Amino acid sequence: MTTGPQTGPQTGPQTGPRRISGKGATVPFTFAGRRLEGRAGDTIASALLANGILTVGRSFKYRRPRGILAAGEDEPNAILDVVLNGTRVPNVRATLQPLEAGMEVTPVLGRGAELLTRLLAPFIPSGFYYKTFIWPDWRFFEPAIRRMAGLGRLDPASRATAGPGGHLAVDLCVVGAGRSGLGAATRAARAGRRVLLVDRQDAPGGASRWRSGADIAALVARAEDAGVTIWTGATAFGAYENGRLGVLRQGGSLTLGDSLWEVRAPEVTLATGALERPALFQGNDLPGTMLADAALCYLLRHGVLSGARPLVVTNNDSAYPVAIALAMAGAAVTLVDARQAPAWAARATAAGVRMVVGARIVRATGRGRVDVAVLTDGQRIGADLIAMSGGWTPTVHLYCQAGGKAVWDEGRSTLVPAFAVPGIALAGRVAGDWTGPEDALPWDWAGAPDVPETGKAKKTWVDLQNDVTLADVQLAARENFASVEHLKRYTTLGMATDQGKTANLIGAAALAQATGRRTTDLGLTTYRPPYVPVPMTALAGLSRGPLQTPLRRLAAEAAHRASGATLRDYGGLLRPAFYGPDDSVIPAECRAAREGAVVFDASSLGKVAVMGPKAGELLDFLFASRMSTLAPGRIRYGLTLSEAGTVTDDGVVLRLSPEEYLVSCSSSHVRAFVASAEEWRQTRFGREGVHIHDRTAHWATMSLSGPTSKAVLAKLGIVTGLDDAAFPHMSFVAGRFQGHPARVARVSFTGERGYEISVPAGLAIPLWEALASAGATPIGIEALGWLRAEKGFIYVGQDTDGETTPQDLGFDAPRLKRREGFVGDRALQLPVAGDAHRKALVGLSRADGGTIPAGAHLIEGRPRRSIGFVTSSHLSPTLGRGVALALLEGGRARIGQEVTWFDLGKTGRATVTAPCAWDPEGRRLDA
Amino acid sequence: MPDADRATFWPAAPDWSRARIEGRGVTVTAAHGDRGVYLLSGPQDAVRALAATHISGVCACLLPIAPDRALMVTAPEVTLDEGWQDGVAVSQLSDAHVRIDVRGTAAEALLFRASPSLALAGDGPLASAAVAFAGVPVLVEKRPDGAKIHVELPLTPHVWHWLLAALSETEVHP
């Protein structure tokens, strides 16, 4: 039935969107190279519409022209690249991004994009990839597909920024600053609670900004007076455990970037409203097809009339205010209502709206934009805008993320929360409350998804962003992808940046129809964070560049820089690699260690105190060798093991007093050792008898070694008695440096006579400078590695792997002799631990004196098989030949034999030797 | 490990005795080695008793870290022997920490930004002074107009440069 002032196709001089009202400063920008003007307060989308632009890009798969569908976060098409002040930001959501002067806006997918894909589009339905790229191998096609996939492009020249984010704790967080949200927030704040109100729009008010006659300004003023903190341009995108919400705040400018906030609130009120659903008909993706609520938003918020001849199609009452407002703005409006006797019809007719009831739209046609609509009763109606309302879906995303479940209510044709979630309250439309002071008539907003049973399903779009058609859903159903989760994976419906906000429900309804079931029985796909795309820059926040991974520094770093050190990252520490511009200085540093005296900054070595009556007992348990038998003043080397019996670290233990030990573990294992020791202390030894303190940061330690190191140390006067008999290797003495306590330990990292001098960290630089002045040559960690390789000294983690046990390194006592329990002891008694073919540490040398590549495999047999690998390899300046360490199957039994090494296609022969290539008797420790 | 010299990528640490950041309603200063700082662990009563006999001077405090662990900040001239003392384990950490003092009208927002634990505590006391701050473990001593952040010396450059970056951005306030 048709009533109203107009009949038949309508034509007129004014077609398409245009601005009809509003004030504000002009904002120049460009779109696809065209110079345009928007107004202050515009979003990019409203500015494009105001300039008559309907097509904002091409679709992802079929490259069809697409226009602006929505006015909020549900927009699937208007995703654009924007350059502002030289910074390119990809995938900007035009419906949410405020317009700024100078923006250069371009479609993510332009007309000429991927011509081949566009031509092939009819031949690539859903599931095409799965069916087609099986032979010869998916990986054969994957690179090309990955190049073609995705939206937007990153500009390496642009430095993306992130705004300041952080943490905020409140008593209540209200999400959504519409009437319901403002009311809930105000009531809570008046009760004395700390309340944060967040809303994704640029001002509070929610849909009431264009739908209700409520005095939003007064509501906002009341909320602010009550002390509510209001964040606009802030989207709560995720509900996480322990009352945490992820909130993304827009920066003041596009180039300032969004910021990420973690809001903790024991109570959350969701006043998130609802999202309008599109209608299903042929050609429903043509530019000029828009959600009815969006058309109202653009008209009343931005003064933009989206069409001069709008056709409003609906199955519920919510589109009537839209039609009336468009008519009052001067448009020639036709409203098509699927219902026979809508309550608002008379009101619409009185406003000059031409009414068609009991009919549906079948298809829209036009060249690149909407031109004509055809109804079920055969009417052809000329239109430059189709404003559609297929019902509403409450925005239950955060409720579901918080543990709730939304179910489809057939009677009300919408989603409803199935049960209450502790700490989560719902208010307004998300709770099914559609009443309000502006509603003069009963408000039938439900409207079930209307899935057409006839017509060209290939031209009926369910998911605009993923180019999923009704035919794709039907194909999936025929191929027995009959659950919504399967449908999503098979067709990609509901994926990508909009996450199917306009598509999921109608997709489920389409699948229900195709499979002869009810939407209720199908369920929904799982709602997961984030609700809106969160830029990686916002997730990273300040954690970029040098702030990305905190690196530990040496107390004497300034002295190392002044000494010309090349600094590098080693195991979470910034350390001197060598002292010079390049590694050509390393041989000289090595020779200085063997011929004179060198100093190495060893401050990062662990200094973990274990104190108490049970300290020895705990250390006996933690180490593979006994420590409680150590005499005060003495030092012992030891290994720590995992419970699987594998080596986790090595180090030395100093017994400071009968009830106090100091563990010097390796630099990168300090925190792991402390954590492990603390766990065993608390779980096995109790809290009373032993305590563990990490003193590492308090002390700076310089390792002095070399044949003349004793003379160098004597010049400093830190300790008085340096006689070897009184101060032998593996002992320590207390001393003083510049009036402060110091400790000198006789240990060796290089195989030469060595002293570790520890002073409070504030004296690190004076000690370094004193040692240098006394004749010690600085060496970096690279030279140390070379020197250690000559001696067969291991680096745990480099010269061991996840299976290396003490006996593989030549330490048989823990397995064969220790009787009392210690960490890893049981694993050492397993048969596999005694297997003679285990990989063991050996040395390697080449007859020609050359080096073997570190990482090279040791191979044997045909076909060749790896029997081990090279862990460290250097050209020894001391020996004048290459030295290498390796883990080799049955290694100790192979000493003297030749093996073949293989590396990147090269092979060679090497002789297996003992690990220690320099001073195996250890005479130089006292030289 | 990259082969390049990373000395430029990782900015040098400032001289802590002169380090200062000022602006956006926040003043940040640092101090190192000017207080007696001791880690005490053992039964709570014993720890408190030991601390009571040694704690003195300006800014002296006992920061709870764990049920059996606390950090005593005392006058620099106070000396306490390390080791096992009547059921309490004692370690001197005077040189282990740099104390970063954050104060000012915008200090709270900056501190909340850096640490979820501080944001959660709000105006209230911290159950434990050990919190994550700028992504690393620190000990926090709350003050009426800000906080003193005890950062392990090796991690102090990171926290300092984090504060510099945070305060150079456009906004700190929520």
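User: In this predicted model, into which domains is chain B divided, and how many Å separate their centres?

Analyst: Chain B of the predicted model is divided into domain 1, which covers 20-33 + 97-168, and domain 2, which covers 36-92. Taken over C-alpha atoms, the centres of domain 1 of chain B and domain 2 of chain B are separated by 22 Å.

User: How do the residues on the side of domain 1 of chain B that touches domain 2 of chain B divide by class?

Analyst: The contact between these domains takes seven residues from domain 1 of chain B and seven residues from domain 2 of chain B. On the side that belongs to domain 1 of chain B, the residues divide into three nonpolar, three polar and one charged.

User: Which element of chain B gives the most to the side that touches chain A?

Analyst: In the contact between the chains, 47 residues of chain B meet 45 residues of chain A. Elements of chain B that each supply at least two residues to this side include β3 (36-41), α2 (107-114) and α4 (156-168). By class, this side of chain B has 26 nonpolar, 13 polar and eight charged residues. The element that gives the most, with six residues, is α4(B).

User: Is α12(A) oblique or roughly parallel to α14(A)?

Analyst: Helix α12 (residues 470-478) of chain A packs against helix α14 (residues 504-515) of chain A with their axes 9 Å apart and at an angle of about 50 degrees. Because only angles under 35 degrees count as roughly parallel, α12(A) is to α14(A) oblique.

Methods. Residues are numbered from 1 along each chain as its sequence is written. Chains are lettered from A and ligands numbered from 1 in the order in which they are written. This is a predicted model: local features need pLDDT of at least 70, side-chain atom pairs count only at pLDDT 80 or more; totals for chains, interfaces and linings use all residues. Two residues are in contact if their C-beta atoms, placed from the backbone, lie within 7 Å. Helices (H or I, at least four residues) and strands (E, at least two) are DSSP runs, numbered from the N terminus. Ala, Val, Leu, Ile, Met, Phe, Trp, Tyr, Cys and Pro count as nonpolar, Asp, Glu, Lys and Arg as charged, and the others, Gly among them, as polar. Axes are lines fitted to C-alpha atoms, for helices over the stretch in contact, and angles run from 0 to 180 degrees between N-to-C directions. Angles under 35 degrees count as roughly parallel, over 145 as roughly antiparallel, 65 to 115 as roughly perpendicular and the rest as oblique. Domain bounds come from an automatic or database domain assignment.
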